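Hi,

Here is the structure I promised to pass on. My notes on the contact between the chains follow below it.

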There are 2 protein chains.
Amino acid sequence: MRALLTNDDGILAPGLGALRRQMLRDGWEVDVVAPDSEQSAVGHAITLRGPLTIQKVNEGGAFLGYAVAGTPADCVKLALRCLLSEPPDVVISGINPGLNTGVAAFYSGTVGAAREAALSGAPAIAVSLAGPSHFDFSYAAEFTCRLASTVAERRLTEGTYLSVSIPGLPRGQIKGVVVASQTRSRYREAFECEVGPDGGESYWLAGDLEVLDDLEDSDHNAISRDMVAVVPLHCDMTDYKAVKLLRKWRLKP
Amino acid sequence: MRALLTNDDGILAPGLGALRRQMLRDGWEVDVVAPDSEQSAVGHAITLRGPLTIQKVNEGGAFLGYAVAGTPADCVKLALRCLLSEPPDVVISGINPGLNTGVAAFYSGTVGAAREAALSGAPAIAVSLAGPSHFDFSYAAEFTCRLASTVAERRLTEGTYLSVSIPGLPRGQIKGVVVASQTRSRYREAFECEVGPDGGESYWLAGDLEVLDDLEDSDHNAISRDMVAVVPLHCDMTDYKAVKLLRKWRLKP
């Protein structure tokens, strides 16, 4: 079995490293194509206005993978179209420190990479892990590895990919797995305004996640109950209920 | 009625200007908060690693709006939280030259801005217009204005926003309006590889949209029949069919 790993934290990030080591131990062939620098919150951005430069990266004298001066979605495009000699059985993005539950799935470069893989027809999983600030990725890596085997074997429907959120707890304290929905949420932003010496204003984004619906089957709720959340996301964003509703508006050209 | 306008082409882009003039003619109050530079294909990216600087921009001696050194989604956050004195009845992103049908809705900064507005609970519309290369935005602006009035009056369900794609044709040749779904599609990428003087490789992204399902009610199909496509998109990406399916996998922690 063959996996492509990427992330939004950069090719040398410890979350990707922990996952790679676990996959190699479990007998996977692993390719790594990841950004050369941190790309948090770039969502599904791609690079149209310049070329993507790539670098071969070694670790401990051995080839680790390709570092791309671009976004996570760029990495997936470039890997699947140009860099890999064989197509992967699964594409995994992460492990990202910091959860991608709820609305974070839109901003997350980690999730953007998994969506990009799904758009190309590859089975794809994005993985994020809750704090604490010093991360132990070992349980998350082991769970992800097992899930990847299951996905490669059982397949996802075309256009579906998974966003996995894992509590930041030792293995023995994880209470279960919930196949969950994306929590309805938003950021309660609190921009901090700075006035520069020239009188110009600049704003720093800060804020907390505000949960709007804490349904029992949502990813946020699963995490709060010390359970792993596995959320299947869809590449078709059409709101079919609204399609029916809007047809009654009888819009004129 | 009050509208917030933004885009991904920059505050001085002609598509935004044409829409603003039409809205003012139709009696709307218009606020403009838009990127200070082109931000195509940034998707739903936001700026976490630096402050957002803003500038007041005048046009013909009168205040036009705020230019933000950030992404379209940043503009919407900053407008709704900090810059506007009154909340808008509708947020409109565009008019973007170049269609956001199908998979383009994921990469599009125009659509990202509308989604950001929807996440904040504001009625939101993203608008794109097909070529030719010299754009006449007048019909698109007029249609958008009428649609904005309808949306402000009839309301969308919370978490739903609209992506509107308009054929690049004179008014009289537009054959109708389809409330459509997002076309299942992908880019058939053809990266062009350059080898630099140091032997390093760099890749330029090129490629065409490949339509995977050309359903009659899809946005791509509507455009090909010279009709305006109005696609309601949803902020909940959960694939509920897959939720049911994956529960049968009985995943273990």
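A:Leu52 has its bridge partner in strand 11 of chain B: the residue is B:Tyr203. The pairing behind this joins strand 3 of chain A (residues 52-59) to strand 11 of chain B (residues 201-204). The sense is antiparallel, over two bridges. Please keep in mind that this is a predicted model.

Now the contact as a whole. Chain A puts in 68 residues, and chain B puts in 68 residues. On the side of chain A that touches chain B, strand 13 (residues 227-234) gives the most, with six residues. By class, that side of chain A holds 37 nonpolar, 18 polar and 13 charged residues.

Next, the symmetry. Chain A superposes on chain B by a rotation of 180 degrees, with 0.0 Å of shift along the axis and an RMSD of 0.0 Å. That is how a two-fold axis relates its copies. Of the interface residues of chain A, 100% are also interface residues in chain B, so the two copies meet through the same surface.

One residue to look at is B:Met237. It sits in the loop between strand 13 (227-234) and helix 7 (240-247) of chain B. Is B:Met237 buried or exposed? It has 21 other C-beta atoms within 10 Å, and the cut-off for buried is 20 or more, so B:Met237 counts as buried.

Best wishes

Note on methods: Residues are numbered from 1 along each chain as its sequence is written. Chains are lettered from A and ligands numbered from 1 in the order in which they are written. This is a predicted model: local features need pLDDT of at least 70, side-chain atom pairs count only at pLDDT 80 or more; totals for chains, interfaces and linings use all residues. Two residues are in contact if their C-beta atoms, placed from the backbone, lie within 7 Å. Helices (H or I, at least four residues) and strands (E, at least two) are DSSP runs, numbered from the N terminus. Ala, Val, Leu, Ile, Met, Phe, Trp, Tyr, Cys and Pro count as nonpolar, Asp, Glu, Lys and Arg as charged, and the others, Gly among them, as polar. Two strands pair if DSSP finds at least two bridges between them. Copies are superposed by least squares on the C-alpha atoms of residues with pLDDT of at least 70 in both. A residue is buried if 20 or more other C-beta atoms lie within 10 Å of its own, exposed if 12 or fewer, and partly exposed in between; C-beta atoms are placed from the backbone.
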